[in-house]
Amino acid sequence: MANEEDDPIIQEIDVFLARSLLEKLYLFQYPIRPASMTYDDVTHLSAKIKPKQQKVELEMAIDTLNPNYCRSKGEQIALNVDGTCTDETSTYSSKLMDKQTFCSSQAASNVSRYAAAVYKKGELHLTPLHGILQLRPSFTYLDKADAKHREREAANEGGDSSQDEAEDDVKQITVRFSRPETEQARQRRVQSYEFLQKRQAEEHWVHLHYYGFKDSRSEHERQYLFSQGHGLAENTELIKSPSEYLMMLMPPSVEEEKDKPMAPSNVLSMAQLRTLPLADQIKILMKNVKVMPFANLMSLLGSGSDSTAVLRCIQQVAMLVQGNWVVKSDVLYPKDTSSPHSGVPAEVLCRGRDFVMWKFTQDRWVVRKEVATVTKLCPEDVKDFLEHMSVARINKGWEFMLPYDEDFVKKHPDIVQRQHMLWMGIQAKLEKVYNLLKEHMTPKKQEAQSARPLLVSGEQRVNMAKAKVKQNYGQLEKEFQKQKAEMKSNDTSDKMDVSSIRIKEEPVSDEEPMDTSAYEGLNNGLVNGLHMEDNSTDPLNGHLPGGCIDRVAQELKAFVSSTFKKQFVLTLSELKRLFNLHLASLPPGHTLFSGISDKMLQDMVLDTGCKQILVPFPPQTAASPDELKVYALWEAGDTYDQHRQVLLEIFSKNYRVRRNVIQNQLSQECGEDLNKQEVDRVLKDCCVSYGGMWYLKGTVQS
């Protein structure tokens with residue numbers, strides 16, 4: 001007791017287990033580096049891996065300008081390896097040992113006890129390691145030098161041999177047929193060292209991309225080191241009873257355990273499910289089913305479940321839509337995660353899915369084009385939202401998958417009222433974020449919810465409008481005659497003519513049906529207060545004056561300029577991804593949420609001094625149209641502008657180029673005194689290395 005009082009607890013730290021990088025995280029142990037080598041973005045020239053063997057090979061550059069580097073020794077090694085001729089197969093194209101290869105070996109066979117830890121804001125996040133690899137220098141270039149030396153000696157010794165001597169060396173050979181291999185002999189052959197070496201050599205190398213510490217993708221991947229959920233439900237494995245914790249420390253022996261059938265990792269039996277707390281049971285069920293009536297949920301939980309407790313728990317993980325419960329968006333897309341399709345952050349996905357759920361609280365039908373237009377998300381993400389809670393009907397749209405549950409609404413009016421208030425708050429938030437019109441936000445009449453929406457083509461809408469004008473023609477004629485009588489005494493007034501009234505005809509796309517259940521309140525071709533047409537900038541009902549357009553252009557130009565000064569080369573796909581990340585970091589109601597089309601973004605890129613590089617992609621490329629559009633900053637205002645322009649001209653004629661070709665071209669265009677550091681700087685700004693070749697950023701097709 002005295003020892004415990006002398007050593008008080010200073011701080012308690014919460015520990016979380018992160019699973020996003022499970023079976024993907026490796027620890028690389030580099031050797032003590034020499035003074036002429038630094039591990040930064042420039043030094044990693046290429047990397048490749050054999051996944052089955054967990055074997056990695058890295059190629060890293062050596063700083064030949066370092067005073068500790070022996071230049072004569074580097075030239076001698078390059079001469080021994082490559083000889084006097086320099087071609088594409090040369091190991092050292094600069095005639096100098098300017099790179100070093102490192103091969104890995106497993107440091108420990110069992111790494112289940114090791115984990116990577118990140119401490120942030122009083123929380124410790126642990127991620128289990130899948131492997132620990134030690135990197136050691138590889139000296140295969142010495143074997144290459146020895147092989148060339150033996151070839152030269154053999155050529156010198158065999159130069160005087162004649163045809164007659166070659167004929168005298170003919171020997172008789174004996175042909176033998178191998179016996180059938182027995183099972184024991186086959187097992188010995190399979191377990192032999194030679195066979196294992198052959199199997200390892202047959203596995204193909206997989207080339208990898210290397211991203212530096214400050215790269216945006218590296219920052220994105222580092223977020224996975226943090227636990228995706230901080231609630232008790234997400235970290236139940238860290239909350240154990242004393243007996244369970246003792247069992248984890250001292251597990252039973254393998255001989256005592258009975259063989260059990262293996263089940264998939266994402267499958268949980270009902271018996272196992274009912275051993276969990278009620279809140280965890282409901283969360284797991286809703287996360288897998290997505291949409292469920294309350295009666296079905298009670299039947300799955302068992303007869304002994306209290307309906308009051310279930311109602312209290314279901315409201316924490318789901319929202320009420322048409323009398324049915326739909327899982328919340330933040331349960332499906334936890335914080336610090338992103339879309340598997342587009343890389344959009346979870347916050348943006350949750351807002352888009354909440355908009356779809358809110359639309360289904362207003363009507364049984366939703367049109368996918370309207371959702372994509374308002375949320376500005378990719379079609380794959382929007383399709384995922386709709387498939388969670390609705391089914392597609394040909395030429396009609398997406399219908400909510402379950403019928404309206406009148407029984408639950410009648411039995412629990414207090415729950416319905418509370419959910420209605422929550423939806424009102426979500427509606428206000430969506431109105432701020434997406435700048436929706438009030439006509440979009442007003443709920444439709446109850447009879448319209450149960451009825452199927454009327455789908456009308458553009459021509460029919462025009463005819464309906466003309467018929468309405470004809471019906472009101474009598475009233476218009478009376479008003480016209482009245483105004484004409486009043487204006488007879490005043491010749492300065494202009495005359496009106498009913499024939500001047502025209503109906504504006506607008507084309508309707510055939511890609512997906514249009515939601516016309518409230519067509520009178522909709523403005524076709526408008527999104528977030530801006531016209532969808534690329535060359536249209538008319539304000540929406542006076543809500544977007546010219547000053548606001550100027551502010552949007554200034555904000556967009558600032559983003560594009562700062563992004564290209566950091567990246568120099570970007571595809572349109574990567575630029576849109578970075579723009580979505582930028583939007584996610586902005587506060588609600590920011591001017592950039594008013595709607596930015598792809599053409600506006602591309603025009604702004606060209607206005608900021610960038611140029612489109614017409615890279616000759618291979619004919620069999622699987623790249624999307626946005627990935628085929630490559631833009632580069634032509635003038636950054638520094639001393640490397642000319643070097644980058646020469647490099648971009650090279651890639652406008654070649655899809656991939658070797659380093660020695662680039663270096664020779666730069667030397668011819670920019671002078672003979674171009675050193676290796678300057679070439680590395682230009683390549684780092686605009687290119688990536690993959691498989692010994694250099695590509696423009698974002699153009700590598702694995």
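This is a predicted model: local features need pLDDT of at least 70, side-chain atom pairs count only at pLDDT 80 or more; totals for chains, interfaces and linings use all residues.
Three strands make up an open, antiparallel sheet, and their order across it is β18-β20-β19. Because β18 (569-571) and β19 (610-613) are the edge strands, each with a single partner strand, one side of each has no neighbour in the sheet. From one strand to the next, the twist averages 30°.

The antiparallel pair of β19 and β20 (residues 630-633) is joined by four bridges, and within this part of the sheet Ile613 is placed opposite Val630 of β20. Helix α24 (residues 572-584) packs on the sheet, where the helix touches β18 and β20, and its direction makes an angle of about 90° with that of β18.

## A nonpolar patch on the surface

Tyr245, Leu246, Met248, Leu249 and Met250 form a nonpolar patch on the surface, and together they have about 590 Å² of accessible area. One of these residues, Leu249, belongs to helix α8 (residues 242-249), and with a relative accessible area of 56% Leu249 counts as exposed, because the cut-off for that class is over 50%.

## Salt bridges between separate elements

The structure contains 17 salt bridges, among them one between Lys99 and Glu59, whose closest N and O atoms are 3.7 Å apart. Since Lys99 is located in strand β5 (residues 99-106) and Glu59 in strand β4 (residues 55-61), this pair ties together parts of the chain that are 40 residues apart in sequence. Glu59 is partly exposed, at 22% relative accessibility.

Helix α24, which packs on the sheet, also takes part in a link of this kind: the side chains of Asp598 and Lys576 meet in a salt bridge with an N to O distance of 3.3 Å, and the pair connects helix α25 (residues 598-607), which holds Asp598, with helix α24, which holds Lys576, across 22 residues. Asp598 is partly exposed, with a relative accessible area of 36%, and Lys576 is likewise partly exposed, at 22%.

## A buried pair and a network

Arg659 and Asp680 form a salt bridge in which the closest N and O atoms are 2.7 Å apart. Arg659 lies in helix α28 (residues 659-670) and Asp680 in helix α29 (residues 676-686), so this pair ties together parts that are 21 residues apart in sequence. Both Arg659 and Asp680 are buried, which means that each has under 20% relative accessible area.

Salt bridges also link a group of residues into a network, which consists of Asp638, Asp641, Arg644, Arg681 and Asp685.

Terms used:
Residues are numbered from 1 along each chain as its sequence is written. Side-chain values use heavy atoms; hydrogens and water are left out. Two strands pair if DSSP finds at least two bridges between them. Helices (H or I, at least four residues) and strands (E, at least two) are DSSP runs, numbered from the N terminus. Axes are lines fitted to C-alpha atoms, for helices over the stretch in contact, and angles run from 0 to 180 degrees between N-to-C directions. Contact means heavy atoms within 4.5 Å. Patches are made of residues with over 30% relative accessible area and no salt bridge: like charges are joined within 9 Å, nonpolar side chains (Val, Leu, Ile, Met, Phe, Trp, Tyr) within 5 Å. Accessible areas come from the Shrake-Rupley method with a 1.4 Å probe; for residues, only the protein chains shown count as cover. A salt bridge is a side-chain nitrogen of Lys or Arg within 4 Å of a carboxyl oxygen of Asp or Glu. Buried means under 20% relative accessible area, exposed over 50%, partly exposed in between (1.4 Å probe, protein chains only).
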